[in-house]
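These are my notebook entries on one structure. I put down what I looked up, in the order I looked.

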Amino acid sequence: MRVRNKQRKSSAVRCNAGSRCTLSTFVWSMVGCILMIHFYSLVSHKDGGEVHVRVHHHPLARELEEVEEENFTIQHRVRRSPRAAKRLGGRQPSLIDEFLDDSSQIRLLFFPDHRTAINPMKGGNDSMYFYPGRQWLDTDGNCIQAHGGGILYVENSRTYYWYGENKDGPTYQAHKKGPARVDIMGVSCYSSKDLWTWTHEGVVLPGEEENITHDLYKSNVLERPKVIYNDQTEKYVMWMHIDDVNYTKASVGVAVSDSPTGPFKYLYSKRPHGFDSRDMTIFKDDDGKAYLIYSSEDNSELHIGPLMDDYLDVTRVMRRVLVGQHREAPAVFKHEGTYYMITSGCTGWAPNEVYAHAAESMMGTWETMGNPCVGGNKAFRATTFFSQSTFVLPLPGLPDSFIFMADRWNPAELRDSRYVWLPLTVGGAADEPLEYNFGFPLWSRVSIYWHKRWRLPDWWRRTQG
């Protein structure tokens, strides 16, 4: 809603020209001048009129902000697969159409073949480089199966644990108009010291083969598993989206383990606060308080609520945010006391535009800051680099720097969906006005930088061993 100032008695000062100006006008003029000077200090001008915003953080991380461009050439083609032709309906194909068409001539640009796979056991010049969109192999030489996942960092062992959906099964449709799906295979876990070399720790929460009444029965849905550690109970707690084949159950599920590598014991499912819940995540704050964030009311809004002290249930407190904005795939992180959230739109397996949001507290008012994507091209930025958000990972020792984790879904063969990991930084002036009072926020801009190939600084990796 718009905030309107109540009428009040005017307070004025005399200006040199003999005119009268209100005190508030004078003050806001001074504030405007200060903001302009501050913004000018944040930008550097280059030849050709380009303006680049500088983000102030550790100088060794600045290479992660380099902007790369992408250009695609779509060759005209008459014959397409029957499914693609039906989807187009006679119109000219867009890049998203080409992305969804498994017979597209430029499909290898989105899903490069196995010859380009990231292989940690191979070494060579590509060692330690991330290649967004390529197949990524574990130390056994198998494709990593951790889709819609998140990462838990265990400080005592300096080990990262990556949990995600195992989609290593056949893709099919449960009914004619149903979305592409894979039976529940379970939740996979991988461990790493450097975020590049991943060892498969197994399926830590398997699907159910026999009991058709079980939430994890193979024909149901398990999505977006996330794990946090409870310091009081010394338990590892997993939350996930649980649904039936028609997506009418719309619930969250909870599982618990004594070890980060499982096995996890499945406890129950429920509709949190009595509302439908689909895409979700959990977030543990610095003070140990944890929160559930989920899409609700048919994905038209997000709900946020604190968890109980043992993390095994929600409390009765809940706040509706981003009402009417139709956002999903939330990923929450914190920087210098400000809470940030990344969300996607709701377009099924098709990619769409990501938004960044910010708030002064988890249960406060969340403001939309706009699209944080930098580089690529217009189509890349409008589709989150042809991916969907799942998690934002803080990088200890790299100030203002994070890894944006996303999935590039392949609805024709879901097991071959890819991972898009990119540098995310926080810093510089935000460039989107607040939704409610049309002023500019005090918090910093979020930027996700496109790279075909990138890696973390050598010195940072050495500190993680």
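Entry 1, contacts of a tryptophan. I looked up Trp421 in this predicted model. Leaving out residues up to four places away in sequence, Trp421 touches Phe130, Pro132, Trp136, Ile151, Trp162, Leu195, Trp198, Ile403, Phe404, Met405, Ala406 and Trp454. Contact here means heavy atoms within 4.5 Å.

I noted the ground rules: residues are numbered from 1 along each chain as its sequence is written, and side-chain values use heavy atoms, with hydrogens and water left out. As the model is predicted, local features need pLDDT of at least 70 and side-chain atom pairs count only at pLDDT 80 or more, while totals for chains, interfaces and linings use all residues.

Which residues touch the most other members of the largest nonpolar core? I found Trp162, Leu195 and Trp421, in a core of 57 residues. Strand 26 (residues 418-429) gives this core its largest share, 6 residues. I also found a second, separate core of 19 residues, with Leu152, Val187, Met238 and Ile242 among them.

A nonpolar core is a set of buried Ala, Val, Leu, Ile, Met, Phe, Trp, Tyr and Cys residues joined through side-chain atoms within 4.5 Å. Buried means under 20% relative accessible area, exposed means over 50%, and partly exposed lies in between (1.4 Å probe, protein chains only). In soluble globular proteins, nonpolar side chains tend to be buried together.

I read off 6 helices and 27 strands. Both are DSSP runs numbered from the N terminus: helices are H or I with at least four residues, strands E with at least two. Buried residues are 51% of the 465 in the protein chain.

Strand 5 (residues 147-154) has 7 of its 8 residues buried. Strand 5 runs antiparallel to strand 6 (residues 159-165), and 6 bridges join them. Two strands pair if DSSP finds at least two bridges between them. His147 has Glu165 of strand 6 as its bridge partner. The hairpin has 4 residues between these strands, and Arg158 takes a positive phi near 50° there.

I traced 4 strands in the order 11-12-13-14, with antiparallel pairing. Strand 11 (221-230) and strand 14 (265-270) are the edges, each pairing on one side only. Strand 13 (residues 251-257) and strand 14 share 5 bridges. Val254 stands opposite Tyr268 in strand 14.

How many does a search of the whole structure find? I got 20. The term needs a side-chain nitrogen of Lys or Arg within 4 Å of a carboxyl oxygen of Asp or Glu.

One of them joins Lys235 to Asp258, with the closest N and O atoms 2.4 Å apart. Lys235 lies in strand 12 (residues 235-243) and Asp258 in the loop between strand 13 and strand 14, so the pair ties together parts 23 residues apart in sequence. Lys235 is partly exposed at 30% relative accessibility, whereas Asp258 is exposed at 57%.

Arg320 turned up in two entries of my search. Arg320 meets Glu297 at 3.4 Å, N to O, and Glu301 at 2.6 Å between the closest N and O atoms. Arg320 is in strand 18 and Glu301 in strand 17, 19 residues apart. Glu301 counts as buried at 5% relative accessibility.
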